[in-house]
Amino acid sequence: MDALTTAPPAGNNDSSCGLIVWFGIGITYLRFFYGLKAQGINRRELPYRAPLQPYLTMYSVSMIFLILFFANYTVFIKGHWDTASFITSYLVRSRLCRP
């Protein structure tokens, strides 16, 4: 066996970790946004604000979730099951980005 068979390429895992981090940033912003709203603080009072919020954040979080979920969808197609590919695509991904 060669290295690519026993361990996935590091680039795939790095990209997944980056997307997971951006997913977390999006969720954090949404919680911040709704926290401001619950406390009655107007976003216009803040020194910086972005247009199209929170809708743009909702869109980005949704797209990141879809990208991560369907990143290696071929393992679910009948006749293409590969246990090693499933583990590295879905199970290892959730463990790699933890501190």
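Here we visit one arginine and then the ring pairs.

This is a predicted model, in which local features need pLDDT of at least 70, side-chain atom pairs count only at pLDDT 80 or more, and totals for chains, interfaces and linings use all residues. Residues are numbered from 1 along each chain as its sequence is written, and side-chain values use heavy atoms, with hydrogens and water left out.

**The arginine**

Look for Arg 43 in the loop between α2 (10-38) and α3 (55-69); helices are DSSP runs of H or I with at least four residues, numbered from the N terminus. Arg 43 is buried, a word for under 20% relative accessible area with a 1.4 Å probe and protein chains only (exposed is over 50%, partly exposed in between). Arg 43 has no salt bridge, meaning a side-chain nitrogen of Lys or Arg within 4 Å of a carboxyl oxygen of Asp or Glu. The nearest side chain of opposite charge, Glu 45, is 11 Å away. Beyond neighbours within four places in sequence, contacts of Arg 43 include Tyr 29 and Phe 33 (contact: heavy atoms within 4.5 Å).

**The rings**

The whole structure holds 5 aromatic pairs. Rings of Phe, Tyr and Trp (its six-membered ring) pair if their centres lie within 6.5 Å; planes under 30 degrees apart are stacked, over 60 edge-to-face and the rest tilted. Two of the pairs are shown here:

| Pair | Centres | Planes | Type |
|---|---|---|---|
| Phe 33 and Tyr 34 | 5.2 Å | 80 degrees | edge-to-face |
| Phe 65 and Phe 69 | 6.0 Å | 15 degrees | stacked |

Phe 33 is buried at 13% relative accessible area, while Tyr 34 is partly exposed at 32%. Phe 65 and Phe 69 sit 4 residues apart in helix α3, about one turn.

Note on methods: Helices (H or I, at least four residues) and strands (E, at least two) are DSSP runs, numbered from the N terminus. Lys and Arg count as positive and Asp and Glu as negative; His and the chain ends are not counted.
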